[in-house]
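Colleague: I have the coordinates open and would like to go through the packing with you. Shall we begin?

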Amino acid sequence: MGETVQLELESQSDRLRALRRLRHMIDTGRLSRFDPLPSERKLSATLGVGRTTLRGVLQQLSDEGLLQSRGRRGRIVANFEKRDAGWMRQAIAYLDPMFDLRDCGPRDQYWANYVSLGVAQAIRSKGLHVVSLNARGMTPADASRLAQDSPAGVIVPEVFTDGRETLELVQLLASQGVRLVVYGGHVELDAYDRVTSDHEDGAYQLTRHLITQRGCRRIAHLWAKPTTGYWFARRQAGYERAMREAGLMPMSPIESIPLPLLEGVIDPADSRAVFEASTRNVAGHLIETMMAREPVEALMVSTDRDAFAAAAACRIFGKVPGKDVLIAGYDNYWERCVERNFEPNPIVATVDKQNTRLGEELVKLLLDRQEGNLPDGPQCRSLSPKLIVCDET
């Protein structure tokens, strides 16, 4: 009973620390090939863990081929040749985003890059090494060598940014036996351990806020075509669930052409021209909704930056944003939007996906898999985002 209680009390971090320390002793030659391991009692004292936890560590290293059982005589070091790759077994690698940073505006750091930041912070907090992989420069030979180096695993903070390059790389690494955890909700990722933001819950929270706290009854999504991202369908599902729970009829999404980014426009005069063109574009798609006998009372845009052109478009129809039409954003970066130069902030509420926390959860999932704490088969952890009310005083 004592060992059972101790197993329950010893944390996963204790086991991981003991695993790293024992690997380090082997990798650095402190325990050479064919050396017998000290007794369990001595190892428990050296590593600072209970004997039940120690036995799990010894079994894992035996499964990896580093230790060999000699029956009642204990275990010996079996594979000294793996020492050169030892430090990589204490490292977690992650793929740099597939986009070229020269093509990114300052806003991008508040999106996928913050997932990468959460990954790096969580890895360092565990005392592990962080290895950044150049996704675009990786070849099949590189993937094979990475598998031979036996890192603790590879984390992919963003799978789809442009095309299918990252997915193909994920498939290549998996074929080499590399332990993977990926971020995203695309159906192609169902075969892997993954973490995703719960977009359905985010849209549900936002819609419920507009209904219960703002008194809105006619609420519609406004987003850019093509709506190919998995998040659009999930957000629409959350919106429709909240509407039906309130006894309201969901509205069909209002689709517009994608709005251009303003970060890359150097001349302020050109930025204003681009913003005004975006406003006219949105207004053209809002005519039917705004001129209806019962006009829309709230618009939910796909991301914060689109809220400003939507607000300016509402003014064309004589509607005051924040009064006649409420506008809800998504992603929670409205304070940093360049579009604020041309339209006062119209957003009453938005959703924060908590990207840093998503990155931390990617690392946690990987370590849980490494330590054998997960059932067989790919696991998906969906994290609920946080509702942000922007106009509270």
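Colleague: What covers the buried residues of α9?

Modeller: This is a predicted model. In it, the cover over the buried residues of α9 includes β7 (193–197), α8 (199–212), β8 (219–224) and β10 (298–301).

Colleague: Which residues of α9 are buried?

Modeller: They are Y230, F232, R235, Q236, G238, Y239, A242 and M243.

Colleague: How far apart are the end C-alpha atoms of α9?

Modeller: They lie 23 Å apart. Helix α9 covers residues 230–245, and its 16 residues should span 22 Å at 1.5 Å a residue, so the two values agree. Just after α9, G247 adopts a positive phi of about 75°.

Colleague: At what angle do α8 and α9 pack?

Modeller: The angle is about 35°, and the axes are 7 Å apart. The crossing of α8 past α9 is right-handed. On the α8 side, the contact is made by H199, E200, A203, Y204, T207, R208 and I211. From α9, the contributors include Y230, W231, R234 and R235.

Colleague: How many nonpolar, polar and charged residues does that contact have?

Modeller: Between α8 and α9 there are nine nonpolar, three polar and six charged residues.

Colleague: Turning to the sheet, what is the order of the six strands?

Modeller: The order is β9-β8-β10-β11-β12-β14, in an open sheet with mixed pairing. Strands β9 (254–256) and β14 (386–389) are at the edges; each has a single partner strand, so one side of each lacks a neighbour in the sheet. From one strand to the next, the twist averages 20°.

Colleague: How many bridges join β8 to β10?

Modeller: Four, and these two strands run parallel. Within that pair, L222 has V301 in β10 as its bridge partner.

Colleague: Which strands does α9 touch when it packs on the sheet?

Modeller: It touches β8 and β10, and its direction makes about 175° with that of β8. Helix α11 (residues 306–316) also packs on the sheet, where it touches β8, β10, β11 (326–328) and β12 (347–352). The direction of α11 makes about 150° with that of β10.

Colleague: One last topic: are the residues on the two faces of β6 buried or exposed?

Modeller: They are buried: L180 and V182 lie on one side of β6 (residues 180–183), with V181 and Y183 on the other. Three bridges connect β6 to β5 (residues 153–156) in parallel, and V154 has L180 as its bridge partner. Three bridges also join β6 to β7, again in parallel, and Y183 stands opposite V195 in β7.

Note on methods: Residues are numbered from 1 along each chain as its sequence is written. This is a predicted model: local features need pLDDT of at least 70, side-chain atom pairs count only at pLDDT 80 or more; totals for chains, interfaces and linings use all residues. Side-chain values use heavy atoms; hydrogens and water are left out. The expected span of a helix is 1.5 Å times one less than its number of residues. Buried means under 20% relative accessible area, exposed over 50%, partly exposed in between (1.4 Å probe, protein chains only). Contact means heavy atoms within 4.5 Å. Two strands pair if DSSP finds at least two bridges between them. Axes are lines fitted to C-alpha atoms, for helices over the stretch in contact, and angles run from 0 to 180 degrees between N-to-C directions. A crossing is left-handed if the near helix is turned anticlockwise from the far one by less than a right angle, and right-handed if clockwise. Ala, Val, Leu, Ile, Met, Phe, Trp, Tyr, Cys and Pro count as nonpolar, Asp, Glu, Lys and Arg as charged, and the others, Gly among them, as polar.
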